[in-house]
Amino acid sequence: MKNPSFQRLFYRFLFSGVVLLLSNTVDAQVAPSSPATTPAAQPATGFQTIHNDFYWLDQNGQRILTRSGCLCQFNGVFYWYGGNPRGFYEQYCYTSTDLIHWTNLGVVMGQDVDANRIDVLYNDTTKQYVMFMKYNGNGAFLGIATADKPEGPFTLKSQTLVDDAPMGDMSAFKDSDGKAYIAYVSWAVGTNAQHGIYRMSADYLTLDKRIFLWDIRSREAPHIFKRNGIYYYGTSRTAGIQSSGTSYYTATDLAGPWSPAKPLSTPGSDNSWDSQVDFVYPIQGTQGTLYMFAGDRWTKNLPQGRNGDYIWLPMEFESDTPVVNYNQDWDLNLSAGTWRKIDAARNLAAGKAVTASSDDGTNPAKNVTAPKTYQDYVNTHWNSAPGDQQWIMVDLGGPTDINRVILKWNTNAAKTFKIQTSIDATTWADVFSTTQGASYSVTDEKFKTTAARYVRVNAIERAPLPPGGRGRRGGRGGTPPTATATATASTAPAIPAATATPVTAANAPTTAPAPQAAYSLFDFMVLKD
């Protein structure tokens with residue numbers, strides 16, 4: 001197929017029958033580099049809790065938009081990049097020092113075509129932040145953009161066909177020697193027919209040399225991570241937006257030879273715990289390196305209590321074999337690079353008496369301190385009667401030192417509320433208040449240690465119902481690429497960080513009116529950390 005006109009016609013015909021798939025992006029830097037000139041932020045100390053199965057929010061109480069994204073660390077700060085699933089026309093950036101509290105920096109790159117599977121690497125020589133992306137369509141170009149700062153703005157530099165053909169999903173990987181590689185799904189001999197690894201040029205801006213190519217059909221979401229001198233090349237099944245199992249290959253050299261595919265062990269699940277793998281991120285600490293499995297949850301499994309857009313799970317190893325067990329909640333120590341399971345005995349409210357302003361007659365207040373697991377969350381919760389002004393109170397049985405409260409909200413959550421403590425249930429002190437509560441989210445707040453017998457949530461205003469559906473702006477389409485392998489892209493519109501647009505009512509998914517039903521709470525936990 002050497003005739004360029006015939007080749008373009010062939011690709012147009014081929015793409016016209018392809019279902020445009022929603023997918024996600026991988027980042028698996030083994031040792032993320034940061035510019036040495038900027039003082040590094042200090043990582044959070046002690047344990048922080050990851051809460052799966054709920055929606056994660058930014059500082060404004062808006063859901064985080066990092067579909068098909070990547071996680072990076074520069075100068076001690078975590079950067080979570082990804083796209084708005086309403087068409088993937090805007091790439092957002094969020095920052096955090098603890099992986100729990102996220103600040104939305106707004107749109108760091110915007111374009112008139114869809115771009116997803118974002119990865120960002122820092123080039124130690126050029127001092128540039130380089131963004132890699134699957135650009136313009138499902139059968140797409142490799143898009144490359146650069147910025148002087150990790151928060152952007154990023155400017156599109158090129159769009160290139162890989163192997164003189166469109167590509168499917170891709171990710172970028174930076175090895176410990178500073179060299180960069182892309183893992184990609186090649187369409188050169190058919191849709192999603194092959195996978196390859198390319199080494200990038202020293203400045204990360206162009207393809208240098210393909211170092212491996214093999215036939216892997218009906219697999220996507222490629223990602224690479226490295227542990228103990230072994231490279232792992234992971235993929236998901238090609239299943240559109242459906243959750244799917246993860247498989248991986250291993251090698252001691254990126255140029256191969258690679259082992260046969262092996263299924264990732266996820267005991268109790270055959271679909272990666274209701275997700276599609278996004279990346280595996282290494283968290284290096286003073287006591288070791290924790291490898292964290294990250295998945296996008298496009299479709300929910302509500303009967304099993306699995307909601308939310310993303311899941312992060314600790315990856316365990318049996319020798320060199322990775323295993324991912326499910327933990328709805330787990331503690332992460334960033335500075336140590338370790339993790340632990342949640343000890344139920346730490347919950348001082350477990351089994352304690354609960355009273356409330358009202359209930360619906362079916363779901364009483366006592367449910368919020370009853371033992372439960374992620375499998376039965378949907379069946380164990382408290383519902384108040386309708387009305388904004390409601391409260392629910394736990395009696396710890398006597399004065400107890402506390403400094404943390406965790407609330408797991410159902411769909412009908414409080415937007416404006418206070419957490420209050422008291423010794424006598426008469427005089428109350430506020431330890432936390434917010435106007436940013438959101439549906440199906442977790443409130444996990446620490447405060448100065450105080451002695452209290454009673455802990456109360458005083459709800460003032462209900463949160464809006466969540467947006468319905470994904471609502472894509474024209475889907476994941478775009479015209480199938482027909483440009484040459486060295487096509488030069490025009491500069492995409494980029495929004496400077498200083499004027500970056502945060503997620504607001506104007507650009508976030510439309511929300512429904514406030515619910516007429518009751519407040520609903522799954523869990524009310526009280527701790528002393």
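My entries below go topic by topic, and the model I looked at is a predicted one.

**Entry 1: aromatic pairs**

I looked up the ring pairs and got a count of 35 aromatic pairs. I picked out Trp102 and Trp312. Their ring centres are 6.4 Å apart and their planes stand at 75 degrees, so I noted the pair as edge-to-face. An angle over 60 degrees is what that label needs.

Then I looked up where the two residues sit. Trp102 is in the loop between β5 (90-96) and β6 (103-110), while Trp312 is in strand β21 (residues 310-318). They are 210 residues apart, and the pair links distant parts of the chain.

Are these two buried or exposed? Trp102 has a relative accessible area of 3%, so I wrote it down as buried. Trp312 is at 1%, so it is buried as well.

I took Tyr232 and Tyr248 next. This aromatic pair is tilted, with 5.9 Å from centre to centre and 45 degrees between the planes. Tyr232 belongs to strand β16 (residues 230-237) and Tyr248 to strand β17 (residues 246-251), 16 residues apart. I found Tyr232 buried at 1% relative accessibility. Tyr248 is buried too, at 6%.

I also found one aromatic cluster, formed by Phe74, Tyr79, Tyr81, Tyr122, Tyr129 and Phe154.

**Entry 2: the cores**

Which residues touch the most other members of the largest nonpolar core? I found Leu71, Trp80, Leu99, Trp102, Trp312 and Met315, in a core of 41 residues. Several strands give two or more residues to this core, among them β4 (77-83), β5, β16 and β21. The largest share, 6 residues, comes from β21.

I went back to Trp102 and looked up its contacts. Leaving out residues up to four places away in sequence, Trp102 touches several residues, including Leu57, Ile64, Leu71, Phe78, Trp80 and Trp312.

**Entry 3: arginines over rings**

Arg306 lies over the face of Tyr326, 5.3 Å from the ring centre. I placed Arg306 in the loop between β20 (289-296) and β21. Its relative accessible area is 7%, so I marked Arg306 as buried. The side chain of Arg306 also makes a polar contact with the side chain of Asp274, at 2.4 Å.

I found another arginine over a ring. Arg456 lies over the face of Trp428, at 4.1 Å from the ring centre.

**Entry 4: backbone spots**

I followed Asp274 to its backbone. Asp274 is not a glycine, although it has a positive phi of about 60 degrees. It sits in the loop between β18 and β19, and at 7% relative accessibility it counts as buried.

Ser319 also has a positive phi of about 60 degrees without being a glycine. I located Ser319 in the loop between β21 and β22 (321-324). Ser319 is exposed, with a relative accessible area of 60%.

Where did I find cis peptide bonds? One runs from Gly152 to Pro153, with omega near 5 degrees. Pro153 is in the loop between β9 (141-147) and β10 (155-160). Another joins Gly256 and Pro257, with omega about 5 degrees. Pro257 is in the loop between β17 and β18 (262-263).

**Entry 5: a hairpin**

I ended with β23 and strand β24 (residues 338-341). They run antiparallel and are joined by 4 bridges. Trp330 stands opposite Lys341 in β24. The hairpin has 4 residues between its strands, and Gly337 takes a positive phi near 75 degrees there.

Notes: Residues are numbered from 1 along each chain as its sequence is written. This is a predicted model: local features need pLDDT of at least 70, side-chain atom pairs count only at pLDDT 80 or more; totals for chains, interfaces and linings use all residues. Side-chain values use heavy atoms; hydrogens and water are left out. Rings of Phe, Tyr and Trp (its six-membered ring) pair if their centres lie within 6.5 Å; planes under 30 degrees apart count as stacked, over 60 as edge-to-face and the rest as tilted. Buried means under 20% relative accessible area, exposed over 50%, partly exposed in between (1.4 Å probe, protein chains only). A charge sits over a ring if NZ of Lys or CZ of Arg is within 6 Å of the ring centre and within 35 degrees of the ring normal. A polar contact is a pair of N or O atoms within 3.5 Å; within protein, one must be able to donate a hydrogen and the other to accept it, and residues adjacent in sequence count only if both atoms are side-chain atoms. A nonpolar core is a set of buried Ala, Val, Leu, Ile, Met, Phe, Trp, Tyr and Cys residues joined through side-chain atoms within 4.5 Å. Contact means heavy atoms within 4.5 Å. Two strands pair if DSSP finds at least two bridges between them.
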